[in-house]
Amino acid sequence: MALAALAAIALLATQGCDVSPAAQASAPAHPDMTFAQARTVYQSYLTASDAAAANGDSAAGLSLVSDASWEFARARYTVHASNGTPVQRYVYGTPRYYVPIVSGFPHWFVVDVPRHTADSGDVDTLMVFGQSKPEGTWSLDGEAALQPGQKMPAIATGSGGYAIAMSTYQQGLLVQPNVTGGTQAAVVDEGPQASAAGLVAPGPQTTSLYSEQAAARAATPKDLEYLWYMLGTPYPVFALQTTGGGALVLYGVDLDTVTEHPDATSSTDPAGTPIPIPAAAKPMLATPSEVAGHVLDVYYTYEFAAIDPPASTKNGQLTIIAASRALAYAHAF
């Protein structure tokens with residue numbers, strides 16, 4: 001199984017990590033962008049995204065986002081087009097900027113800001129903005145809301161207060177940042193018995209997410225099967241060094257849930273009673289007329305932020321501190 005392979009890679013990444021992250025994360029002397037430029041990018045995004053949401057302008061709204069945030073925005077605009085629900089709009093508080101000094105591209109930075117909608121209270125949200133190439137447009141690449149009881153860790157800074165970026169292949173951490181998602185996925189897919197379970201702190205986005213999916217499987221009618229897989233994605237991974245020598249890692253993954261008749265892959269599948277399609281999934285169907293006679297496939301996109309401790313930390317574990325989710329796609333046949 002691909003996820004098992006990812007978990008194995010994550011476990012291997014914890015071996016031979018005797019080089020400290022601080023020693024590897026030495027940054028260039030000069031920033032590729034300034035705090036003033038980061039503030040301009042952020043404020044421009046807020047103005048343009050709110051105007052697009054107010055007007056229900058999906059083309060404008062989607063032009064401002066990429067990766068996980070593109071999936072989130074597409075879901076909001078798709079629901080708006082389907083049933084006229086207003087596109088979600090946010091009111092933002094005072095932002096705090098984490099601008100790393102990086103060599104070359106992509107350029108990126110993180111904003112920690114409280115925000116709320118018309119019917120919700122403030123939630124601190126981590127927003128990561130990226131520019132993939134010279135003269136390229138800036139976009140919101142990911143956004144993850146801090147979970148109850150969690151807070152932003154202290155980020156290490158160098159000259160001028162600029163944050164210290166870490167390689168996605170950084171050694172000296174519990175796991176390399178590029179396999180943080182695979183390590184978490186192993187626990188979501190397999191639960192406490194997963195080989196990677198000791199590396200991941202229990203919580204709403206790990207063991208509890210496994211329990212929720214297991215409960216959905218248990219509640220599935222006996223004539224149907226229910227499967228789920230948390231999948232790796234090509235979404236970029238971003239890592240900032242914390243003052244404790246660990247890393248704050250931001251990354252996206254997908255969760256695929258499949259409800260099917262046991263013989264759904266057989267050419268003689270009788271289909272039987274159509275599988276009910278949840279109301280939330282209907283606007284996200286590939287075509288509105290789809291009927292789940294054989295299979296209902298529903299994808300969710302997540303953006304997470306996790307604290308990855310130094311490898312030397314006794315009983316250290318990955319801790320998911322922020323998460324956002326959208327029902328991104330559905331297909332029935």
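Which residues have the most contacts inside the largest nonpolar core? The views below come from a predicted model.

**View 1. The largest nonpolar core.** Met230 and Phe304 have the most contacts inside this core of 39 residues. A second, separate core has 24 residues, including Met33, Ala52, Tyr77 and Leu140.

**View 2. Surroundings of Phe304.** Leaving aside residues up to four places away in sequence, Phe304 touches Met230, Val249, Leu250, Tyr251 and Val253, among others. Its contacts also include Ala144, Ile320, Ala322 and Ala323. Gln184 and Gln205 are touched as well.

**View 3. Salt bridge between Arg115 and Glu143.** The structure holds 3 salt bridges. In this one, the closest N and O atoms are 2.9 Å apart. Arg115 lies in strand S3 (residues 107–116) and Glu143 in strand S5 (residues 139–146), so the pair ties together parts 28 residues apart in sequence. Arg115 is buried, at 7% relative accessible area. Glu143 is buried too, at 2%.

**View 4. Salt bridge between Asp50 and Arg89.** The side chains meet at 2.9 Å, N to O. Asp50 sits in helix H3 (residues 35–55), and Arg89 in the loop between H5 and strand S1 (91–92). The two are 39 residues apart. Asp50 is partly exposed at 27% relative accessibility; Arg89 is partly exposed at 42%.

**View 5. Salt bridge between Arg74 and Glu71.** The closest N and O atoms are 3.6 Å apart. Both residues belong to helix H5, where 3 residues' spacing separates them by about one helical turn. Arg74 is partly exposed, at 22%, whereas Glu71 is buried, at 16%.

Technical notes: Residues are numbered from 1 along each chain as its sequence is written. This is a predicted model: local features need pLDDT of at least 70, side-chain atom pairs count only at pLDDT 80 or more; totals for chains, interfaces and linings use all residues. Side-chain values use heavy atoms; hydrogens and water are left out. A nonpolar core is a set of buried Ala, Val, Leu, Ile, Met, Phe, Trp, Tyr and Cys residues joined through side-chain atoms within 4.5 Å. Buried means under 20% relative accessible area, exposed over 50%, partly exposed in between (1.4 Å probe, protein chains only). Contact means heavy atoms within 4.5 Å. A salt bridge is a side-chain nitrogen of Lys or Arg within 4 Å of a carboxyl oxygen of Asp or Glu. Helices (H or I, at least four residues) and strands (E, at least two) are DSSP runs, numbered from the N terminus.
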